[in-house]
Structure formats: structure tokens, C-alpha cells
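Visitor: I have a structure open and would like to go through it piece by piece. Can we start?

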Amino acid sequence: MSKQTLVLLYGGRSAEREVSVLSAESVMRAVDYNKFTVKTYFITQAGDFIKTQEFTSQPQDDEKLMTNETVNMTAKIKPSDIYEEKAVVFPVLHGPMGEDGSIQGFLEVLKMPYVGTNLLSSSVAMDKITTKHVLESAGVPQVAYVTYMEGQDMAEAISQTEQKLVYPVFVKPANMGSSVGISKAENEEELRAALELALKYDSRILIEQGVKAREIEVGILGNTDVKTTQPGEVVKDVAFYDYEAKYIDNKITMDIPAKVSEEIMTKMQTYAETAFRAIGGCGLSRCDFFLTESGEIYLNELNTMPGFTQWSMYPLLWENMGLPYRNLVTELVRLAQEMFDKREGHLL
């Protein structure tokens with residue numbers, strides 16, 4: 001039986017490019033090489049496409065993918081050169097220019113199936129402010145928030161925040177993930193500094209009410225038939241679950257399944273599916289919740305391309321449901337092909 005080609009796109013231009021390399025290496029090792037041949041392409045920080053390794057069998061444990069530090073520019077190609085008939089693309093890209101609909105639109109123009117949510121749902125979920133508006137209309141509970149757009153009066157935004165919210169608050173670039181550019185502010189001075197930092201990453205800023213809560217996540221998988229996992233909990237050894245804690249120091253552990261009541265579990269799964277359908281999701285997402293001491297549930301974020309490292313929550317959630325990492329990758333490819341065929345079928 002001939003193997004299908006799986007194209008791994010990784011790296012990218014966003015500040016989350018290092019996470020992408022770690023995720024891509026994990027996917028590369030998890031692939032069922034009885035079914036797939038893997039071709040990898042690295043997108044540099046400058047946006048160049050570089051042809052990297054090909055794998056027809058399980059790579060060695062010490063096999064590393066190209067990074068910005070080891071890039072070989074002689075292997076540079078045109079972006080369209082990734083095209084291969086009947087291949088499926090796994091865009092293991094996090095953040096802007098990867099998870100925001102841009103690469104999805106490019107792949108649709110190339111007429112290639114790809115893993116994950118489509119152009120619209122990717123762009124909606126990437127923008128935290130737009131996600132807030134969509135989920136409000138769907139009746140999904142969220143923490144109180146204020147928005148700030150570059151060019152507006154920052155003093156007015158700070159005043160509005162202090163009227164509507166109470167310290168501490170969290171300041172987030174609207175279009176970043178993996179906790180990049182996010183700060184906790186305990187007072188006006190820290191809020192101003194947090195806004196200045198967030199503006200380095202985006203021109204649209206979200207200011208959210210801080211809540212004392214557990215961080216609990218639900219995995220989503222499917223197209224029209226949507227399945228959700230039991231929740232998993234991030235157990236922190238640090239005060240703020242930031243980028244360094246997540247990916248560099250790995251100062252976290254996870255409780256899978258989370259120690260919550262059946263009622264809370266069911267509510268979270270229902271909210272996760274509602275949110276996923278509200279943004280028009282397909283393929284996969286991870287839904288992140290806050291659970292307060294009084295039992296209030298708030299949806300914090302919909303992540304349409306969650307981390308795929310060996311310690312990432314999303315694959316571990318599905319492993320707990322009886323779907324091992326290798327089988328999860330195979331199922332994601334199947335769902336990608338299914339959605340591609342459906343999109344093509346709609347072009348009457």
C-alpha cells in the first residue's frame with residue numbers, strides 16, 4: 001500500500017516559533033510511518049520557506065529539525081513549492097502568521113488539505129477580543145474585560161479599567177498565545193507598563209479581570225461530529241503560568257482527569273463544544289477554562305493549534321481518553337481530508 005505524504009510546516013514568524021519547533025519534533029516522532037511519509041518545511045523568522053528533512057521511517061530520538069540558528073538558506077524554496085498532489089499539510093504553527101488564518105488561506109489557494117480549523121475560525125479564535133464578542137453571543141461565560149486599541153487615549157483606558165474592574169488585572173495582546181506578552185498588573189503604574197509591553201506584540205489589547213481560579217482545559221476533536229475530552233488541570237509551581245514556565249523551565253504538572261465534579265465536567269464539555277461550533281471550528285481546538293472557588297466557570301481561551309510537545313496538555317488529554325498520540329495524528333489527518341473534500345464539494 002502506498003503511503004500518504006504528510007507535510008509538516010513549522011517555525012514561523014511569530015514570537016511562538018520556538019514552541020512550534022518543539023511541537024513539530026514531537027509530531028515527527030509520533031507519526032505512523034506505516035501510513036505516512038513525512039516532509040518537513042521550516043518557515044524562518046523572516047518568512048522564508050526552507051526545505052528540510054524527509055522521513056520514511058521512524059527518526060532517531062536525537063534527530064533535530066532546523067531552527068533559525070541552524071538554518072540552511074541554500075535550501076530556500078518558493079512557498080508554493082510545498083505543493084504535492086494528495087498530500088496533507090500539518091501546519092504546526094502557533095500565533096500570528098500561522099494560527100490566525102493566514103497560512104490556512106494560503107493552503108486553500110494551493111488546494112491542499114490541512115490539519116486544524118479553517119480560515120475564518122482560525123482568525124476569529126486568534127483574536128481574543130473578537131472571540132469575546134462571538135462567545136458572548138453564544139452565551140458562554142467569560143471574565144469581565146476592557147479593550148484598548150493603539151491610538152486611543154491610554155489614560156482613558158486605564159480609567160475605564162479602574163471603573164469596571166478591580167486589581168489585579170491581566171493585560172494580553174489580542175493576537176498572541178503561549179502567554180507571550182501577557183502581564184499581571186496590581187496597580188495603575190503596572191497597568192501602564194503592561195499595556196506598553198503588550199503593544200510590542202499587537203495593536204489590539206485585552207485587559208481582563210484577574211480571578212483566583214484553577215486553570216482547567218478540555219480537548220476538542222472533530223468536524224461535524226465533535227468530541228470532547230475529560231478536563232485536565234494545570235497544576236502550577238509558579239505564581240503566573242507564563243511562557244518560561246510552560247516551555248522552558250517546564251515548572252508545571254498536570255492532573256488528567258482534573259479533580260472536579262461530574263456536573264462541572266459536563267458543563268465545561270458543553271461550553272467547549274458550544275464555543276467550538278460558535279466560531280465555526282473544525283479539526284481540533286483546546287478550550288481553556290477558569291474554575292473559581294465558588295464554582296463559577298469562565299472560558300478563558302480557544303486555542304486552535306495547541307502545543308503538541310511531549311508534555312503538552314492536548315495530546316495528553318486524548319491519551320487519557322484512549323486515543324494515543326500516534327492515533328491522534330492519524331485521526332487529525334483524516335479529519336483534514338474530510339474537510340477538504342467538503343470544501344471542494346461546496347464549490348458548485
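Guide: What follows is a short talk about the strands, helices and cavities of this predicted model.

Visitor: Fine. What is the strand order in the open sheet of four strands?

Guide: The order is S6-S9-S7-S8, and the pairing is antiparallel.

Visitor: Which strands stand at the edges?

Guide: S6 (145-149) and S8 (183-185) do. Each has a single partner strand, so one side of each is left without a neighbour in the sheet.

Visitor: How are neighbouring strands of this sheet turned against each other?

Guide: By 25° on average, with direction ignored.

Visitor: How many bridges join S7 to S8?

Guide: Three bridges, between S8 and S7 (residues 169-173), and the two strands run antiparallel. In that region Val169 is opposite Ala185 of S8.

Visitor: Which strands does H6 lie across?

Guide: Helix H6 (residues 188-198) lies across S6, S7, S8 and S9. H6 runs at about 15° to S7.

Visitor: And H4, which strands does that one lie across?

Guide: H4 lies across S6, S7 and S9 (204-209). The angle between H4 and S9 is about 55°.

Visitor: New topic, Thr161. Is Thr161 buried or exposed?

Guide: Thr161 has a relative accessible area of 1%, and buried means under 20%, so Thr161 counts as buried. Thr161 is part of helix H5 (residues 154-164).

Visitor: What is Thr161 in contact with, leaving aside its neighbours within four places in sequence?

Guide: Val146, Val169, Leu191 and Ile207.

Visitor: Now H3. Which residues of H3 are buried?

Guide: H3 covers residues 119-126, and Ser121, Ser122, Val124, Ala125 and Met126 are buried there.

Visitor: What covers the buried residues of H3?

Guide: The cover includes helix H2 (102-110), helix H4 (128-137) and strand S15 (297-303).

Visitor: Which residue caps the N-terminal end of H3?

Guide: Asn118 does. One of its side-chain oxygens is 3.3 Å from the backbone nitrogen of Leu120.

Visitor: Cavities next. How many of 30 Å³ or more does a search of the whole structure find?

Guide: Three. The second largest cavity has a volume of about 80 Å³.

Visitor: What lines the second largest cavity?

Guide: The lining residues are Ala125, Lys128, Thr131, Lys132, Gln142, Lys172, Leu206, Glu208, Leu299, Asn300, Glu301 and Leu302. H4, S9 and S15 are the elements that give two or more residues to this lining.

Visitor: Which element gives the largest share of that lining?

Guide: S15, with four residues. S15 is also among the elements covering the buried residues of H3, and Ala125, one of those buried residues, is in the cavity lining too.

Visitor: Last one, S10. How many of its ten residues are buried?

Guide: Eight, so S10 (residues 213-222) is largely enclosed by the rest of the structure.

Visitor: How many bridges pair S10 with S14?

Guide: Ten bridges, in the antiparallel sense, with S14 spanning residues 283-292. Within that pairing, Ala213 is opposite Thr292 of S14.

Visitor: And how many join S10 to S11?

Guide: Two bridges join S10 to S11 (residues 227-228), and these strands run antiparallel. Ile220 is opposite Thr228 of S11. S10 and S11 form a hairpin, with four residues between them.

Conventions. Residues are numbered from 1 along each chain as its sequence is written. This is a predicted model: local features need pLDDT of at least 70, side-chain atom pairs count only at pLDDT 80 or more; totals for chains, interfaces and linings use all residues. Side-chain values use heavy atoms; hydrogens and water are left out. Buried means under 20% relative accessible area, exposed over 50%, partly exposed in between (1.4 Å probe, protein chains only). Contact means heavy atoms within 4.5 Å. A polar contact is a pair of N or O atoms within 3.5 Å; within protein, one must be able to donate a hydrogen and the other to accept it, and residues adjacent in sequence count only if both atoms are side-chain atoms. Two strands pair if DSSP finds at least two bridges between them. Axes are lines fitted to C-alpha atoms, for helices over the stretch in contact, and angles run from 0 to 180 degrees between N-to-C directions. On a 1 Å grid over the protein atoms alone, a cavity is a set of points where a 1.4 Å probe fits but cannot get out, and a pocket is an open set with protein on both sides within 12 Å along at least five of seven lines; lining residues have an atom within 4 Å of a point. Grid points are joined across faces, edges and corners, and a volume is the space filled by probe spheres set on the points.
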